[in-house]
Amino acid sequence: MDDAVRWNIKVSKRADRSVRGFLAQRGMKKGDLSKFVEEAVQWRVFRVAVEQARDSFSDIEQAELEKLIDESVREVRAEKRGRVE
């Protein structure tokens with residue numbers, strides 16, 4: 001973590017014991033708690049973003065949505081290969 005910032009957070013004793021026990025079972029050390037929290041936050045943000053995206057496309061037919069996704073994937077792949085279609 002090159003650009004790390006310090007957070008002061010408060011969790012229940014139960015959550016603290018649970019996560020520390022989880023980390024200990026996997027051979028992780030005290031310093032790994034920060035990595036664990038960061039990963040958990042990133043996954044939560046991702047899941048919320050996916051839910052919001054799904055909600056915003058809920059009124060579109062499945063076939064139309066798949067067509068939009070396929071077109072977007074083709075465009076991104078073309079850009080990555082250095083050519084735009």
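Where is the place of glycine 31? Glycine 31 sits in the loop between α1 and α2. Please keep in mind throughout that this is a predicted model.

With a relative accessibility of 55%, glycine 31 counts as exposed, because the cut-off for that class is over 50%. Glutamate 75 lies 44 residues away from glycine 31 along the chain, and their C-alpha atoms are separated by 42 Å.

Let me turn to the overall architecture. The protein chain contains three helices and zero strands, and its elements follow the order α-α-α from the N terminus. The radius of gyration is 20 Å, whereas the globule rule gives 12 Å for 85 residues; the value is well over the rule, so the chain is more spread out than a compact globule. The C-alpha trace spans about 50 × 35 × 25 Å along its principal axes.

How much of the chain is buried? Buried residues account for 5% of the 85 residues. The accessible surface amounts to about 8,300 Å², and carbon and sulfur atoms contribute 51% of that area.

I now come to the charges. The protein chain carries 19 positive and 17 negative side chains. The centres of these two sets are 13 Å apart. In general, side chains of opposite charge can pair when their charged atoms come close.

How many salt bridges does the structure hold? There are two. One joins aspartate 16 to arginine 20, with 2.6 Å between the closest N and O atoms. These two residues are four residues apart in helix α1, which covers residues 13–25, so about one helical turn separates them. Aspartate 16 is partly exposed at a relative accessible area of 28%, and arginine 20 is likewise partly exposed, at 36%.

The other salt bridge is formed by the side chains of aspartate 32 and lysine 35, at 3.6 Å from N to O. Is aspartate 32 buried or exposed? Aspartate 32 is buried, because its relative accessible area of 17% falls under the 20% cut-off. Lysine 35, by contrast, counts as exposed at 52% relative accessibility.

Next, the nonpolar surface. Val5, Trp7, Ile9, Val11, Val41 and Val45 together make a nonpolar surface patch of about 620 Å². Among these residues, valine 41 belongs to helix α2, which runs over residues 32–56. Valine 41 has a relative accessible area of 33% and is partly exposed.

Finally, I would draw your attention to helix α3, which covers residues 62–80 and includes arginine 74. The relative accessible area of arginine 74 is 47%, and the residue is therefore classed as partly exposed. How far apart in space are arginine 74 and alanine 49? Their C-alpha atoms are 22 Å apart, and in sequence the two residues are separated by 25 residues.

To summarise, this predicted model shows a chain of three helices that is more spread out than a compact globule. It holds two salt bridges and a nonpolar surface patch of about 620 Å². Thank you for your attention.

Technical notes
Residues are numbered from 1 along each chain as its sequence is written. This is a predicted model: local features need pLDDT of at least 70, side-chain atom pairs count only at pLDDT 80 or more; totals for chains, interfaces and linings use all residues. Side-chain values use heavy atoms; hydrogens and water are left out. The radius of gyration is taken over C-alpha atoms; the globule rule is 2.2 Å times the number of residues to the power 0.38. Buried means under 20% relative accessible area, exposed over 50%, partly exposed in between (1.4 Å probe, protein chains only). Accessible areas come from the Shrake-Rupley method with a 1.4 Å probe; for residues, only the protein chains shown count as cover. Lys and Arg count as positive and Asp and Glu as negative; His and the chain ends are not counted. The place of a charge is taken as NZ of Lys, CZ of Arg, CG of Asp or CD of Glu. Patches are made of residues with over 30% relative accessible area and no salt bridge: like charges are joined within 9 Å, nonpolar side chains (Val, Leu, Ile, Met, Phe, Trp, Tyr) within 5 Å. A salt bridge is a side-chain nitrogen of Lys or Arg within 4 Å of a carboxyl oxygen of Asp or Glu.
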